[in-house]
Amino acid sequence: MYKITAKRLLAPSIYLMDVAAPRVAKSANPGQFVIVKMDEKGERIPLTICDYDKIAGTVTIVFQTVGASTKKMALLAEGDYFSDFVGPLGQPSEFIEENIEELKQKKIIFVAGGVGAAPVYPQIKWLHEHGIAADAIVGCKSKDYLLLEKEIKAVAGKLYVATDDGSYGYQGFVTDLLKDLIEKEGQKYDLVIAIGPMIMMKFITLLTKQYGIKTIVSMNPVMVDGTGMCGGCRLTVGGETRFACVDGPEFDGHLVDFDEAMRRSTQYQTEEGRAEIERQEKETGHVCNLGLGEHN
Amino acid sequence: MEIKKRVPVMEQAPEIRRTNFDEVCLGYSEAEAVEEAKRCLHCKKPLCVTQCPVSINIPDFIEHVKEREFEKAARVIAESSSLPAVCGRVCPQEIQCEGQCVLGKKGDAVAIGKLERFVADWSRENNIDLSQTLPKNGRKVAVIGAGPSGLTCAGDLAKLGYEVTIFEALHKAGGVLVYGIPEFRLPKETVVQHEVDNVKALGVKIETNVIVGRTVSVDELMQEEGFEAVFIGSGAGLPMFMNIPGENSNGVFSANEYLTRSNLMKAFKEGYDTPIKAGKKVAVVGGGNVAMDAARTALRLGAEVHIVYRRSQAELPARAEEVHHAIEEGIHFNLLCNPVEILADEKGWVKGIRCIRMELGEPDASGRRRPVEIPNSAFEIEVDTVIMALGTTPNPLISSTTRGLEANKKGCLIAAEETGKTTLEGVFAGGDAVTGAATVILAMGAGKKAAAAIAAYLKNK
Ligand SMILES: Cc1cc2nc3c(=O)[nH]c(=O)nc-3n(C[C@H](O)[C@H](O)[C@H](O)COP(=O)(O)OP(=O)(O)OC[C@H]3O[C@@H](n4cnc5c(N)ncnc54)[C@H](O)[C@@H]3O)c2cc1C
Ligand SMILES: Cc1cc2nc3c(=O)[nH]c(=O)nc-3n(C[C@H](O)[C@H](O)[C@H](O)COP(=O)(O)OP(=O)(O)OC[C@H]3O[C@@H](n4cnc5c(N)ncnc54)[C@H](O)[C@@H]3O)c2cc1C
Ligand code: SF4
Ligand code: SF4
Ligand code: FES
Ligand SMILES: [Mg+2]
């Protein structure tokens with residue numbers, strides 16, 4: 001049993017939880033994820049690791065309620081337990097293996113959409129702890145939905161916020177903002193790391209491809225075991241089949257077949273889940289004003 | 001009863017069982033078991049034993065059944081096997097023990113598997129305690145994986161006094177016995193859980209939700225957590241795909257995914273949250289136990305099911321009993337057909353499977369006649385779901401994260417057959433992780449041998 005040691009509502013329908021899982025906390029690295037299960041009848045739900053405290057033995061998750069399971073999860077309170085909490089799963093972010101001095105020469109920008117702000121935080125924090133200030137764009141529907149602003153600000157170089165309704169920061173999609181930064185402000189980036197809804201990551205990669213900027217994305221296909229056993233999470237990357245849970249979840253975004261991935265992720269969609277995803281797509285960039293791809 | 005014929009075993013009728021997940025075979029009653037036991041000739045040189053991978057003293061345990069000494073029968077089996085209720089149900093008996101029974105030459109072989117199952121079920125129902133454990137010696141051994149090989153190795157070491165912890169990646173112990181083999185062949189709550197509980201009763205700790213290679217490494221277990229030896233019984237869980245066009249269409253699943261959703265996550269039961277896309281018309285590609293299990297699961301979930309297999313019925317690698325049951329239940333067999341493409345509709349969902357007809361040519365390395373394509377014989381089967389049951393290979397997670405632990409080209413760990421010794425000091429391995437996908441009894445046998453070798457190794461250390 002894995003105790004929920006803290007719970008916080010970060011934004012409407014977005015929750016943060018700290019969970020006591022010493023083994024996971026000890027081995028966790030940025031870019032990895034966990035799978036949680038609430039009880040005997042629950043499903044296995046993959047969630048990105050948003051922070052970890054190796055001394056306290058806790059792992060932080062941030063989730064958005066989209067369907068039956070995440071809604072049930074939102075009802076859990078501090079002091080309640082997950083029956084299962086397994087990880088860290090997947091490969092850590094590529095940069096943690098890289099030479100720090102070389103990494104310092106690179107200009108890195110993170111692009112997060114919606115609940116994606118949570119998983120970029122440990123990555124920016126890791127870089128910060130290694131003397132690297134990465135920039136970040138965080139996009140959301142409106143000011144109320146902005147996640148972890150203070151925390152990210154404390155570890156990022158520059159933080160840009162984009163809201164759909166203009167209630168805070170830049171008005172528009174993260175893709176538009178990134179394009180403006182590059183074209184209007186003359187920013188030069190060597191590496192973009194994009195985490196958010198698949199549709200957002202797709203459009204970011206279409207944009208960065210134009211500028212030839214290497215772009216890493218974090219894929220979230222449907223998963224069961226998370227250990228390479230079911231093949232449900234398979235994606236096509238560079239023309240080859242890869243399992244997101246063991247080969248990823250982070251991949252070179254310019255090689256990922258997003259249309260296939262988005263199609264596959266609808267396989268088990270429930271009505272409520274589908275409505276939520278459609279809503280997200282509307283908010284985070286379904287309008288392709290880049291003239292790069294078909295509308296979805 | 002004619003001596004040449006075995007005592008028939010009660011089964012659920014095909015038209016009833018195809019609508020439920022209860023066990024197909026109901027097993028022998030006491031009277032039936034005794035009757036069947038009487039057929040055994042108690043051979044001086046029992047050929048049956050030579051074909052049992054763990055050399056159960058078959059004539060002796062059957063003799064006890066004949067005398068209604070069921071507890072004694074259970075003790076004879078326990079000398080060689082720790083999972084008789086499982087093996088009695090799932091061993092491919094027709095090519096093992098029963099395949100060599102002398103009675104089989106002129107009539108039916110003795111129903112060794114059914115008798116073994118009877119004895120095991122009887123001893124469970126009568127709470128017979130078969131464990132004999134030496135006092136704890138304080139020395140720690142880690143076992144990776146709670147499948148048949150790991151459970152057996154852990155149980156044997158615990159009996160010898162070692163402090164054993166099993167680390168299991170999934171949330172439940174049992175390996176393929178819980179996630180792969182369906183309820184209607186191997187009941188989970190009674191049979192499998194009981195075997196797991198037996199191992200726990202010997203003092204073995206089972207830590208679920210620990211993925212060795214991710215949560216903790218083999219090195220950390222040995223250097224930081226004080227385990228003096230490690231047994232790797234991590235199985236062969238990585239599913240293969242055909243790499244044909246359309247394979248990533250919506251509605252194409254590996255048998256592992258389909259079976260895991262149904263068995264481990266209990267998607268077939270009301271009230272469980274994990275969804276499954278059962279399909280209305282399903283093609284299952286493959287001809288082994290995994291294919292039969294996926295096909296019969298889909299049938300029970302309401303689908304019309306077609307097995308697609310590239311050789312003929314004689315070459316089907318599945319247990320004879322499963323093929324027989326599948327045919328009885330109304331599974332369609334499209335033999336000598338090989339899929340070449342999966343067809344999808346404009347939204348990317350499966351709408352059919354294109355196959356080519358095959359004929360059998362010369363025998364290949366496996367001794368089976370090699371299927372060759374018949375030119376211009378392509379045809380399509382209309383289906384909405386395709387399940388790929390093409391076999392599995394060992395997951396590279398442990399070998400790739402453990403320096404010095406070597407695997408061969410197929411990803412199988414290199415380990416000595418008699419001891420399970422790997423290329424790394426103090427690390428042993430067995431079961432599917434070493435052999436590639438094989439059988440429960442072989443995995444169990446490997447776990448036993450490794451337990452003995454680990455005990456010998458630690459004694460001299
Ligand atoms: C590697 C990875 C990391 C993730 N990280 C986060 C995170 O940090 N925060 C967060 O809010 N969400 C995250 N998700 C998504 C999260 O797992 C799903 O939102 C959740 O499983 C939905 O379950 P549900 O029953 O509430 O909704 P449902 O209505 O069942 O599903 C809604 C949608 O979620 C997806 N989904 C459903 N079940 C699964 C599953 N078992 N595996 C993957 N996707 C599924 C499907 O695309 C579906 O259309 C991540 C997914 C993956 C694969
Ligand atoms: C659907 C199906 C039907 C079958 N039918 C039959 C049959 O009728 N008769 C028969 O004899 N055989 C059958 N088999 C084969 C048989 O089940 C296997 O040969 C046997 O289970 C192998 O045992 P094992 O202990 O080596 O591995 P497994 O049973 O695969 O167990 C391995 C365990 O290790 C765990 N694990 C893996 N990696 C890690 C890790 N890194 N860290 C921690 N834990 C890990 C896994 O989660 C799993 O629980 C069938 C197999 C399948 C899939
Ligand atoms: S363990 Fe398997 S092979 Fe051995 S006697 Fe039992 S059924 Fe036959
Ligand atoms: S070979 Fe057949 S008859 Fe002879 S001992 Fe074995 S089971 Fe009995
Ligand atoms: S989630 Fe099962 S293989 Fe990736
Ligand atoms: Mg769900």
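Biologist: Which residue of chain B has a backbone N or O atom 3.0 Å from an oxygen atom of ligand 2?
Modeller: The model is predicted: local features need pLDDT of at least 70 and side-chain atom pairs pLDDT 80 or more, while totals for chains, interfaces and linings use all residues. Residues are numbered from 1 along each chain, chains are lettered from A and ligands numbered from 1 in written order, and side-chain values use heavy atoms, without hydrogens or water. A polar contact here is a pair of N or O atoms within 3.5 Å. The backbone atom at 3.0 Å from a ligand 2 oxygen belongs to V176(B).

Biologist: Which helix gives the largest share of the shell around ligand 2?
Modeller: The shell has 34 residues (a heavy atom within 4 Å), with S149(B), E168(B) and R185(B) among those that come nearest. Helices (DSSP H or I runs of at least four residues) α9, α14 and α17 of chain B each supply at least two residues. The largest share, three residues, comes from α14(B).

Biologist: Which strands stand at the edges of the five-stranded open sheet in chain B?
Modeller: The sheet runs β3-β2-β1-β4-β16 with parallel pairing (strands are DSSP E runs of at least two residues, paired by at least two bridges). Each edge strand has a single partner, so one side of each is left without a neighbour in the sheet. The edge strands are β3 (205-207) and β16 (427-429) of chain B.

Biologist: What is the bridge partner of V143(B) in β4(B)?
Modeller: Strands β1 (140-144) and β4 (229-232) of chain B run parallel and are joined by four bridges. In β4(B), V143(B) is paired with F231(B).

Biologist: Where does the polar side-chain atom 2.4 Å from an oxygen atom of ligand 1 come from?
Modeller: Ligand 1 is surrounded by 25 residues, the closest including P46(A), Q64(A) and Q269(A). A backbone atom of V62(A) lies 2.9 Å from a ligand 1 nitrogen, and a polar backbone atom of S69(A) is 3.0 Å from a ligand 1 oxygen. The side-chain atom at 2.4 Å belongs to T70(A).

Biologist: Which strand supplies the largest share of the shell around ligand 1?
Modeller: The protein covers 91% of the 850 Å² of accessible area that ligand 1 has on its own. Elements giving two or more shell residues include β5 (58-64) and α2 (68-74) of chain A. The largest share, four residues, is from β4(A).

Note on methods:
A polar contact is a pair of N or O atoms within 3.5 Å; within protein, one must be able to donate a hydrogen and the other to accept it, and residues adjacent in sequence count only if both atoms are side-chain atoms. Accessible areas come from the Shrake-Rupley method with a 1.4 Å probe; for residues, only the protein chains shown count as cover.
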